[in-house]
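Here are my notes on the charged side chains in this model. Please read them with the structure open.

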Amino acid sequence: ATNPIPRREPEVVAEVAAMGRGSGCWTARHLPGARVVKAFNTVHVAVLADQAFRLGDRVGVPLASDDPTALDVAAALVRDAGHAPLVVGSLVRARDFDHGTPAWNSRATVAQLQDMLAQNSA
């Protein structure tokens with residue numbers, strides 16, 4: 001899974017924007033029956049590698065899904081990878097941390113992400 005990026009997939013970006021429900025919902029629409037969680041693709045892989053298990057507040061990884069069981073699995077994977085999960089809500093809430101939002105690729109802690117997401121949804 002990846003993020004639709006304007007320079008790479010302008011058509012997909014336009015579809016996601018037209019839906020108004022974010023890239024997580026767009027992905028779920030293309031994978032009927034799949035257990036979709038928007039998760040790790042919101043933090044750059046280099047940050048995930050370099051900042052794993054850092055001392056103090058860990059890098060927050062926002063999560064959104066309509067499947068509670070899949071969400072629990074994803075949260076456990078985030079913790080196992082040395083980061084802090086932040087369950088944001090249903091899959092439509094993933095639009096709040098899609099590419100281009102303040103929370104996307106931010107290196108933020110959970111507390112910082114909560115502030116960003118509160119401002120984004122206000």
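**Salt bridges and the loop aspartates**

1. The salt bridge count comes to five. The rule asks for a side-chain nitrogen of Lys or Arg within 4 Å of a carboxyl oxygen of Asp or Glu.

2. A word on the basis. This is a predicted model, in which local features need pLDDT of at least 70, side-chain atom pairs count only at pLDDT 80 or more, and totals for chains, interfaces and linings use all residues. Side-chain values use heavy atoms, with hydrogens and water left out, and residues are numbered from 1 along each chain as its sequence is written.

3. Lys-38 lies in strand β1 (residues 37-38) and Asp-98 in the loop between β3 and α5, so the pair ties together parts 60 residues apart in sequence. Helices (H or I, at least four residues) and strands (E, at least two) are DSSP runs, numbered from the N terminus.

4. Are the two partners buried or exposed? Lys-38 is buried, at 4% relative accessibility. Asp-98 is buried as well, at 9%. Buried means under 20% relative accessible area, exposed over 50%, and partly exposed in between (1.4 Å probe, protein chains only).

5. Which residues does Asp-98 contact, leaving aside its neighbours within four places in sequence? They are Gly-22, Ser-23, Lys-38 and Trp-104. Contact here means heavy atoms within 4.5 Å.

6. The side chains of Asp-98 and Lys-38 are also joined by a polar contact of 3.2 Å. A polar contact is a pair of N or O atoms within 3.5 Å; within protein, one must be able to donate a hydrogen and the other to accept it, and residues adjacent in sequence count only if both atoms are side-chain atoms.

7. Asp-96 is found in the loop between β3 and α5 too. Its side chain meets that of Arg-93 in a salt bridge of 2.6 Å, N to O. The pair also qualifies as a polar contact, at 2.6 Å. Asp-96 is buried, with a relative accessible area of 8%. Arg-93 is partly exposed, at 27%.

8. Glu-9 and Arg-8 form another salt bridge, their closest N and O atoms being 2.5 Å apart. Glu-9 counts as buried at 18% relative accessibility. Arg-8 is partly exposed, with a relative accessible area of 41%.
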